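Q: Could we go through this structure together? I would like to understand it step by step.

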Amino acid sequence: MEKICHDPKSQIATDQRFVGKVLVITGAGGQFGRAACRYFGERGARVAALDQNAEALEGTFAEISDGMDSKGFVCDVTNASQVASVVERIVERFGRIDLLWNNAGYQGKIQSCLDYDPLDFASVMNINVTGMFIVLQAVARQMKQQGGGVIVNTASVAGMRGTPGMIAYASSKAAILTMTVNAAKELARFHIRVNSISPALIGPGYMWDRQNALHAELGPPYYADTAEKVGEAKINAVPMQRVGSLEEVLQSTAFLLSSESSYTTGINLVVDGGLAAGTK
Ligand SMILES: NC(=O)c1ccc[n+]([C@@H]2O[C@H](COP(=O)([O-])OP(=O)(O)OC[C@H]3O[C@@H](n4cnc5c(N)ncnc54)[C@H](O)[C@@H]3O)[C@@H](O)[C@H]2O)c1
């Protein structure tokens, strides 16, 4: 006799990795963050959801189920005193912080490096690098006091191999790769693991469409002149010949956040269908 279970609801019920874990997610009003609040909340995590955009955060809470133990915090990750006070409030509310998905980000403008606006460059670096560091530091201090924790930073394949038109974004994501390695080495002695995740070409949906439209606007010689052709060219360049799903990003993030990766720290897990395979 054999039973093969394809019911996603029963798979969720049997996934015990996050039950009772206190998970902080930044960028919780955005595409990844919103899906993550649902994904980890459905698996029993107690979620502290942070975003600077109150409306986007409300949108997330409208979508996730009433049964989840979660709370939203409006917070600008670039503001160190705001982050410190939100971390205090999270600990008051949930008692501790076990896991952090450090995920808030801003992609910046799509402009050639010859035209790129230095003010926007600074803003991308401030949100993606300084903001990520501020949250990492505040949460790691709390984790150290508790005796450990797990952090995942969202980087990008752009930070490994560059993306024409996105010099600020690519530079910021490259900095996150090194921040992850550095923090992993320093924090290992406090039983805090730090890894990064680098997705690329995740779709379909708003981010995929928007990105292709913006790349088409920049156009030749870097991209085709319509969003449709840009999308086709990107998929043709992926060994797996398809886009990745949000679910696939979440599964990889869950692996890094869970004890399944208990002897793994300082790595960058690439979720890109092989696009950047072999890139150092
Ligand atoms: N979507 C993709 O295909 C993709 C691919 C690779 C990497 N990423 C990275 O994944 C992360 C999430 O991407 P997404 O697709 O969900 O983007 P998104 O734009 O939908 O969400 C980003 C969220 O971050 C929030 N945010 C921005 N600045 C903030 C600040 N200063 N303080 C607090 N919150 C702030 C925004 O309000 C937004 O809700 C980002 O770091 C992004 O660079 C995304």
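Q: Let us start with a detail. Where does histidine 191 lie?
A: This is a predicted model. In it, histidine 191 lies in the loop between helix 7 and strand 6.

Q: What is the phi of that residue?
A: The phi of histidine 191 is positive, about 65°, although this residue is not a glycine. Most residues other than glycine have a negative phi.

Q: Moving on to the sheet: how many strands does it have, and in what order?
A: The sheet is open and has seven strands, in the order 3-2-1-4-5-6-7, with parallel pairing. Strands of a sheet pair through backbone hydrogen bonds, either parallel or antiparallel.

Q: Which strands are at the edges?
A: The edge strands are strand 3, residues 70–74, and strand 7, residues 268–271. Each of them pairs on one side only. From one strand to the next, the twist averages 15°.

Q: How many bridges join strand 6 to strand 7?
A: Four bridges join strand 6, residues 192–199, to strand 7, and the two run parallel. As one example, isoleucine 197 has leucine 269 in strand 7 as its bridge partner.

Q: And the helices? What does helix 4 touch?
A: Helix 4, residues 80–94, packs on the sheet and touches strand 1 (22–26), strand 2 (46–51) and strand 3. The direction of helix 4 makes about 165° with that of strand 3.

Q: Which strands does helix 7 touch?
A: Helix 7 also packs on the sheet, where it touches strand 5 (149–154), strand 6 and strand 7. Its direction makes about 160° with that of strand 6.

Q: New topic: the ligand. How many residues surround it, and which are the closest?
A: The ligand is surrounded by 23 residues, and the closest are Gln31, Phe32, Asp51, Asp76 and Tyr169. The shell divides into 10 nonpolar, 10 polar and three charged residues.

Q: How much of the ligand's accessible area does the protein cover?
A: The ligand has 830 Å² of accessible area on its own, and the protein covers 88% of it.

Q: Which elements give two or more residues to the shell?
A: They are helix 2 (31–42) and helix 7 (167–187).

Conventions
Residues are numbered from 1 along each chain as its sequence is written. This is a predicted model: local features need pLDDT of at least 70, side-chain atom pairs count only at pLDDT 80 or more; totals for chains, interfaces and linings use all residues. Side-chain values use heavy atoms; hydrogens and water are left out. A residue is near a molecule or strand if one of its heavy atoms lies within 4 Å of it. Accessible areas come from the Shrake-Rupley method with a 1.4 Å probe; for residues, only the protein chains shown count as cover. Ala, Val, Leu, Ile, Met, Phe, Trp, Tyr, Cys and Pro count as nonpolar, Asp, Glu, Lys and Arg as charged, and the others, Gly among them, as polar. Two strands pair if DSSP finds at least two bridges between them. Axes are lines fitted to C-alpha atoms, for helices over the stretch in contact, and angles run from 0 to 180 degrees between N-to-C directions. Contact means heavy atoms within 4.5 Å.
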